[in-house]
Amino acid sequence: MTNQLTNGDGRWAKKAHQPFYETAAAPALTHAPARGAEAPVTNLMGAGLSNAFLAGLPAEDLERLLPSLERVTLSARENFSNSEEARHVYFPEDAIVSHLVVFEDGGTVEAAMTGRDGVVGLGAVFGHYTPTHWSRVTVPGSALRMRADLFRQEFVAGEAFRSLLLRYAARHSAQVAQRGACVSRHRVENRLAVWLLMLHDRAGSDELPLTQELIARRIGTRRAGISEFAGSFQERGLISYSRGLLRVRDREGLEAVACECYRLIREHG
Ligand SMILES: [Zn+2]
């Protein structure tokens, strides 16, 4: 894994809407670092903490954690292990990671995604656990990471940390259940709208770097199907698409196409 340090790179572009996880209290963002605080704290505070899990921690817990965090860039080639052997746990900022079921024929379906709403590497606290899925980056970007052994220590010792993580794990599991049900009941067009809205919520930008091949591998359908629906979405002014860059143009229009699963995942997953 080759990660590149990008401390101080607080790139947050256009925000066309207010995602649900930004409504959470984020005491750390307004909490001024103590005079003479260590450099890592100042750097990270200065760049802002956009990950909802970290922002939801009590200020004193966060200050204890900050020296253990480093900002990294997750590239499109990144592959994560979710087992307890994984060396790091990630808190995405504008990066988005997909959790994929991979079939014997090489086909994939995304079971869930994690962006700034959560944590990648929950397996670190599950004990002897063999994950049945792979995690890959869908939208490259920044994340904070910490060593998995320190993450485990916090989970055992920190009551607020543990409670917040269990709440996220429950939401994640609700997302997996709803997404699985969605695949079996709802049409590709609806699922594509749900998926784009979920990415849009987490990306912090209207522009998403997505190829049709990548979309097909996440939705679990043929590229021709994605091409047809992406064309239809474009004609209706919901999105525009050019050379691997998809721009969300009409969120409300996408919400009207999405099945009920989007609302349920937004509220519970
Ligand atoms: Zn659905």
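Reader: Does I215 count as buried or exposed?

Author: This is a predicted model, in which local features need pLDDT of at least 70 and side-chain atom pairs count only at pLDDT 80 or more, while totals for chains, interfaces and linings use all residues. Residues are numbered from 1 along each chain as its sequence is written. A residue is buried if 20 or more other C-beta atoms, placed from the backbone, lie within 10 Å of its own, exposed if 12 or fewer, and partly exposed in between. I215 has 25 C-beta neighbours inside 10 Å, so I215 counts as buried.

Reader: Which residues does I215 touch, leaving out those up to four places away in sequence?

Author: I215 has its place in helix 8; helices (H or I, at least four residues) and strands (E, at least two) are DSSP runs, numbered from the N terminus. Two residues are in contact if their C-beta atoms, placed from the backbone, lie within 7 Å. With residues up to four places away in sequence not counted, those touched by I215 are L210 and I226.

Reader: How many Å separate the axes of helix 8 and helix 9, and at what angle do they pack?

Author: Axes are lines fitted to C-alpha atoms, for helices over the stretch in contact, and angles run from 0 to 180 degrees between N-to-C directions. Angles under 35 degrees count as roughly parallel, over 145 as roughly antiparallel, 65 to 115 as roughly perpendicular and the rest as oblique. Helix 8 (residues 212–219) and helix 9 (residues 223–235) are therefore roughly perpendicular to each other. Their axes are 8 Å apart, and the angle is about 110 degrees.

Reader: Which residues of helix 9 make that contact?

Author: On the side of helix 8, the contact is made by Q212, E213, I215, A216 and I219. From helix 9 come R223, I226, S227 and A230.

Reader: What is the strand order of the open sheet of four strands?

Author: Two strands pair if DSSP finds at least two bridges between them. The order is 3-7-5-6.

Reader: What is the bridge partner of V97 in strand 6?

Author: V97 has a bridge partner in strand 7, V137. In strand 6, its partner is T114.

Reader: Why do the buried residues of helix 5 line one face?

Author: In helix 5 (residues 148–157), A148, F151 and E154 are buried. Seen down the helix axis, using directions from the axis to the C-beta atoms, they line one face because they fall within an arc of 115 degrees.

Reader: Which exposed residues are on the face of helix 5 turned away from its buried side?

Author: The cover over the buried residues includes helix 4 (59–65), strand 4 (88–92), strand 8 (141–147) and helix 6 (159–185). The face turned away carries D149, V156 and A157.

Reader: What is the mean pLDDT of the protein?

Author: pLDDT is the predictor's confidence in each residue, from 0 to 100. Of the residues of the protein, 79% reach 70 or more, and the mean is 82.
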